[in-house]
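Please read them with the structure open.

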Amino acid sequence: MYDKKILVTGGDGRFATELKKIRTKYKFIYLNKNELDVLKDSSILKAINKYKPQAILHLAALSRPMNVHIQKISD
């Protein structure tokens, strides 16, 4: 049915929300921050092993200004 599976980080974000509206021959697998923590190697490897994607589209982004992120990196 689908030629390729593409794992999408930031699956609940603005870009991914718009991407979901497009019909394509590819199987997109949208993972949100609760399903995939892009800051943890183990979480990334778990998702890759589970879904076996041919590509990863990294759309996860910071949702606050960079200066706040730098000051409060652990939040």
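1. The model is a predicted one, and in it Ser43 is part of helix H2, which spans residues 41–51.

2. The side chain of Ser43 comes to 2.9 Å from the backbone nitrogen of Asp37. Leaving aside residues up to four places away in sequence, Ser43 is in contact with Glu35, Leu36 and Asp37.

3. The sheet is open and built of three strands, ordered S2-S1-S3, with parallel pairing. Strands S2 (27–31) and S3 (55–58) are the edge strands; each has a single partner strand, so one side of each has no neighbour in the sheet. From one strand to the next, the twist averages 25 degrees.

4. Five bridges join strand S1 (residues 5–9) to S2 in the parallel sense. Leu7 has Ile29 in S2 as its bridge partner.

5. How many aromatic pairs does a search of the whole structure find? The search returns one. Phe28 and Tyr30 have ring centres 6.0 Å apart and planes at 25 degrees, so this pair is stacked; the cut-off for stacking is under 30 degrees.

6. Is Phe28 buried or exposed? Its relative accessibility is 19%, so Phe28 counts as buried; the limit is under 20%.

7. Tyr30 also has a charged residue over its ring face: Lys20 lies there, 5.0 Å from the ring centre.

Technical notes:
Residues are numbered from 1 along each chain as its sequence is written. This is a predicted model: local features need pLDDT of at least 70, side-chain atom pairs count only at pLDDT 80 or more; totals for chains, interfaces and linings use all residues. Side-chain values use heavy atoms; hydrogens and water are left out. Rings of Phe, Tyr and Trp (its six-membered ring) pair if their centres lie within 6.5 Å; planes under 30 degrees apart count as stacked, over 60 as edge-to-face and the rest as tilted. Buried means under 20% relative accessible area, exposed over 50%, partly exposed in between (1.4 Å probe, protein chains only). A charge sits over a ring if NZ of Lys or CZ of Arg is within 6 Å of the ring centre and within 35 degrees of the ring normal. Helices (H or I, at least four residues) and strands (E, at least two) are DSSP runs, numbered from the N terminus. A polar contact is a pair of N or O atoms within 3.5 Å; within protein, one must be able to donate a hydrogen and the other to accept it, and residues adjacent in sequence count only if both atoms are side-chain atoms. Contact means heavy atoms within 4.5 Å. Two strands pair if DSSP finds at least two bridges between them. Axes are lines fitted to C-alpha atoms, for helices over the stretch in contact, and angles run from 0 to 180 degrees between N-to-C directions.
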